[in-house]
Amino acid sequence: KVHFYRPKTLALPRKPKYQRRAVPRKSTTDKHSIIKYPLTTESSMKLIEDSNTLVFIVDIKANKRQIRAAVRELYNIECDKVNTLITPRGLKKSYVRLSKDFDALDVANRVGVI
């Protein structure tokens, strides 16, 4: 052979003498930490009335699937579509479009937006 290949040596499995972490980490992305609060601006009220859409400020690290699951668990509603954007202030805004079975005005009244 022309090239030298480093030989594979024995790789034993780890056998730690003690745990490195005493308490396992808990997931910080539960439904209450994902959705911070509903937005109550004039434009969000117009969306509630016209396009059956609720607007929330959500955790910056939350993705659309997590937002959809959190809305389903917290408010017992099904959503068709979730759009997100990050505002210039550094907050993540989520537009949650509800399915035809649910009315955004009723849900907003129940949540306390209106």
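Buried means under 20% relative accessible area, exposed over 50% and partly exposed in between (1.4 Å probe, protein chains only). By that scale R72, with a relative accessible area of 38%, is partly exposed.

1. Basis. This is a predicted model: local features need pLDDT of at least 70, side-chain atom pairs count only at pLDDT 80 or more, and totals for chains, interfaces and linings use all residues. Residues are numbered from 1 along each chain as its sequence is written, and side-chain values use heavy atoms, with hydrogens and water left out.

2. Sheet. Four strands make an open, antiparallel sheet, ordered β1-β2-β4-β3. Strands (E, at least two residues) and helices (H or I, at least four) are DSSP runs, numbered from the N terminus. Two strands pair if DSSP finds at least two bridges between them. β1 (35–38) and β3 (79–86) are the edge strands; each has a single partner, so one side of each lacks a neighbour in the sheet. From one strand to the next, the twist averages 30 degrees. Angles run from 0 to 180 degrees between N-to-C directions, with axes fitted to C-alpha atoms, for helices over the stretch in contact.

3. Three bridges join β1 to β2 (residues 53–58). I35 sits opposite V58 of β2.

4. Helices on the sheet. α2 (residues 42–51) lies across β2 and β4 (92–98), at about 145 degrees to β2. α3 (residues 64–75) lies across β1, β2, β3 and β4, at about 125 degrees to β3. Contact here means heavy atoms within 4.5 Å.

5. Helix α4. In α4 (residues 104–111), the buried residues are A104, V107 and A108. Their arc around the axis is only 100 degrees, which puts them on the same side of α4. The arc is taken from the directions between the helix axis and the C-beta atoms. Their cover includes α2, β2 and β4. Just after α4, G112 has a positive phi of about 105 degrees.

6. S99. This residue is in the loop between β4 and α4. S99 is buried, at 10% relative accessibility. Beyond neighbours within four places in sequence, S99 contacts N52, E78, C79 and D80.

7. Salt bridges. The whole structure has three, each a side-chain nitrogen of Lys or Arg within 4 Å of a carboxyl oxygen of Asp or Glu. E73 meets K31 at 3.9 Å, N to O. E73 is in α3 and K31 in α1 (residues 31–34), so the pair ties together parts 42 residues apart in sequence. K46 and D50 pair at 2.9 Å, four residues apart within α2; both are exposed. R72 pairs with E78 at 3.4 Å, and E78 is partly exposed at 38%.
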